[in-house]
Amino acid sequence: MKILLTMAAVALTAVAPVTLAQTNGTNSNAVAPMLPDSKVDTPTFASTVPSANEFEIQSSRLAEQKSASADVKAFAGQMIKDHTQAGEDFKQALSKGQTTASIKPTGPALQPKDQQMLDQLKGASGKEFDQKYVMMQTEAHKQAVALFSTYARSGDDPALKEFAKKTLPTLKEHEKHVKELGAAH
């Protein structure tokens, strides 16, 4: 019975937007990894990607300014470069999308959970900053890989599905690199 309830809970959270809330260093609202048979609808994908991508860029700009670690700064520079390119690729895919002609990312540049994480980073400094940044990047990339893998496999918009497939290897590389940073910090 516990396994069934756990599976049901994971299945329900798998379609939630792929962002992460941080409260005092805990990831109390982290989205569970997506199940192989789960699906992400196009509106969820199209509204989640811009905020998550912008969080990566803004948090990495902070890391370039606030981190005292050369390896964290180097990683942040790569995040800015790669996620800026991903943002451009996403806009291009969205404009070519068949089922997304009427879907435009709405709301503020950052979803509330992404803004909360960014605010936490703004208030941190020194080793605390590096630890929070690396932890948030680890979770963000874990969730991004799950989202992009699922949409690349089951998405219903060909242009966005191709974007997800094209971007996924870079996200997996980021995930691997940030795990290495986590071990060092």
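Predicted model: local features only at pLDDT ≥ 70, side-chain atom pairs only at ≥ 80, totals over all residues.
Let's start in helix α3, residues 70-96. Here the side chains of glutamate 88 and lysine 91 meet, at 3.9 Å from N to O. These two sit 3 residues apart in the helix, so about one helical turn separates them. Glutamate 88 is partly exposed, at 45% relative accessible area, and lysine 91 is exposed, at 55%.

Now to another pair: lysine 166 bridges to aspartate 89, with the closest N and O atoms 3.2 Å apart. This one links distant parts of the chain, since lysine 166 belongs to helix α6 (residues 158-184) and aspartate 89 to α3, 77 residues away. How do they compare with the solvent cut-offs, buried or exposed? Lysine 166 is exposed, with 53% relative accessible area, while aspartate 89 is buried, with 14%.

Lysine 132 counts as buried at 17% relative accessibility, and glutamate 128 is partly exposed at 41%.

Let's stay with α5 and look at its neighbours. Lysine 132 also takes part in the contact with helix α4, together with Phe129, Tyr133 and Met136 of α5, and Met117, Gln120 and Leu121 on the α4 side. The axes of α4 (residues 112-122) and α5 come within 9 Å and cross at roughly 160°, and that makes the two helices roughly antiparallel. The crossing is left-handed. By class, this contact has 5 nonpolar, 1 polar and 1 charged residues.

What about helix α2 and α5: at what angle do they pack? The angle is about 155°, with the axes 11 Å apart. An angle over 145 degrees counts as roughly antiparallel, and α2 and α5 are therefore roughly antiparallel to each other. Here too α2 passes α5 in a left-handed crossing. Among the contacting residues are Phe45, Val49, Phe55 and Leu62 of α2, and Phe129, Tyr133, Met136 and Leu147 of α5. The tally for this contact is 12 nonpolar, 6 polar and 2 charged residues.

At 3% relative accessibility, leucine 147 counts as buried. Its C-alpha atom is separated by 7.7 Å from that of phenylalanine 45, 102 residues apart along the chain.

Notes
Residues numbered from 1 in each chain as written. Heavy atoms only, no water. Axes fitted to C-alpha atoms, helices over the stretch in contact; angles between N-to-C directions. Helix = DSSP H or I, 4+ residues; strand = E, 2+ residues; numbered from the N terminus. Parallel < 35°, antiparallel > 145°, perpendicular 65-115°, else oblique. Left-handed = near helix turned anticlockwise from the far one by under 90°. Contact = heavy atoms within 4.5 Å. Nonpolar A, V, L, I, M, F, W, Y, C, P; charged D, E, K, R; others polar. Buried < 20%, exposed > 50% of the residue type's maximum accessible area, 1.4 Å probe, protein only. Salt bridge = Lys/Arg side-chain N within 4 Å of Asp/Glu carboxyl O.
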